[in-house]
Amino acid sequence: MIEIPSDLHRDVVPLAFLLGTWEGAGVYDFPGTDKCNFGQEVVFRHDGRPFLEFRSRSWVLDEQGEKVRPLENEHAFWRITSNQHGTGGEREIEVSSVRDDGTVEIWYGKLHDGKPQIDLATDAVARIEGAPAYTGGKRLYGLVKEELLWVGEKAAPEVPLRPYMSAQLKKVLSPAKLIQDINDLPDDGIAFFR
């Protein structure tokens, strides 16, 4: 069930399915780097203004699933730029992001009509001098059976656009939400199991 906070700006209500903290794992594989499994935490939050704030942290995992070292961090702002309040039709999305490697990206895409799926593609990429070679990318995000799935594609001067990173994330329940759910149980706590 998707909850819509009462203070969420109405322009981003169609993105409410993204809100919260998501954690999981995925695979990273791009030519010139070591293929690895990674862990990831993604947070989508809002402060009442007409955008969602996105933060992603990922780290390399060893064969036992333990953290080895950071992989990449990203911070972004997601907006709906057209058809925010429409009752039908796709909505256009704009994302401005910065990564810890010195890459800045502007993404444009769409939120599909009638399903929680977002397609994005880079419109502009800027890099500081020491950032890895990168010319553009695509991403697909989707909510499937209460899990946030995503896949990223990446291109570099010598590498055509190809999938390089994907993950399967589960929503993390906050302690406050767990307490609220416990308060909804019958008084004796046993009736729940009958």
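Which residue in S5 is the bridge partner of Glu74? In this predicted model, that partner is Arg99. The model comes with some ground rules: local features need a pLDDT of at least 70, side-chain atom pairs count only at pLDDT 80 or more, and totals for chains, interfaces and linings use all residues. Residues are numbered from 1 along each chain as its sequence is written, and side-chain values use heavy atoms, with hydrogens and water left out.

As for confidence, pLDDT is the predictor's own score for each residue, running from 0 to 100. The protein chain averages 90 on that scale, and 86% of the residues score at least 70. Residues 190-194 fall below 50, and this stretch has four contacts in the model beyond near neighbours in sequence, a contact being heavy atoms within 4.5 Å. Where pLDDT is low, the predicted coordinates should not be read in detail.

Next come the strands. Helices (H or I, at least four residues) and strands (E, at least two) are DSSP runs, numbered from the N terminus, and two strands pair if DSSP finds at least two bridges between them. Strand S3 (residues 52-61) and strand S4 (residues 67-82) run antiparallel and are joined by ten bridges. Five residues separate S3 and S4 in what is a hairpin, and Gly65 in its turn has a positive phi of about 85°. Trp59 stands opposite Pro70 in S4. S4 also pairs with strand S5 (residues 91-99), again antiparallel, through eight bridges. In a regular strand the side chains alternate between the two faces of the sheet.

The Ser58 side chain reaches the backbone oxygen of Glu72 at 2.9 Å. Leaving out residues up to four places away in sequence, Ser58 touches Phe38, Gly39, Gln40, Pro70, Leu71, Glu72, Asn73 and Met165.

Lys67, in strand S4, is a handy contrast. Its relative accessibility is 55%, so Lys67 counts as exposed. Lys67 lies over the face of Trp59, 4.2 Å from the ring centre; a charge sits over a ring if NZ of Lys or CZ of Arg is within 6 Å of the ring centre and within 35 degrees of the ring normal. Another lysine placed over a ring is Lys154, which lies over the face of Tyr164 at 5.1 Å from the ring centre.

Now for the aromatics. Rings of Phe, Tyr and Trp (its six-membered ring) pair if their centres lie within 6.5 Å, and planes under 30 degrees apart count as stacked, over 60 as edge-to-face and the rest as tilted. By this rule the count comes to eight aromatic pairs. One of them is Phe51 with Phe77, an edge-to-face pair at 5.4 Å centre to centre and 85° between the planes. That pair links distant parts of the chain, 26 residues apart: Phe51 is in the loop between strand S2 (36-45) and S3, while Phe77 is in strand S4. Phe51 is buried at 10% relative accessibility, whereas Phe77 is partly exposed at 27%. Phe54 and Trp78 make a tilted pair, 5.8 Å centre to centre with 40° between the planes. Phe54 lies in strand S3 and Trp78 in strand S4, so this pair ties together parts that are 24 residues apart in sequence. Both Phe54 and Trp78 are buried. Ring pairs also link Phe44, Phe54, Trp78, Tyr141 and Trp150 into a cluster.

Finally, there is the loop between strand S8 (136-144) and strand S9 (147-156), which holds Lys145 and Glu146. Lys145 has a positive phi of about 50° although it is not a glycine, and Glu146, also not a glycine, has a positive phi of about 70°. Lys145 is exposed, with a relative accessible area of 78%, and Glu146 counts as exposed at 54%.

Technical notes. A polar contact is a pair of N or O atoms within 3.5 Å; within protein, one must be able to donate a hydrogen and the other to accept it, and residues adjacent in sequence count only if both atoms are side-chain atoms. Buried means under 20% relative accessible area, exposed over 50%, partly exposed in between (1.4 Å probe, protein chains only).
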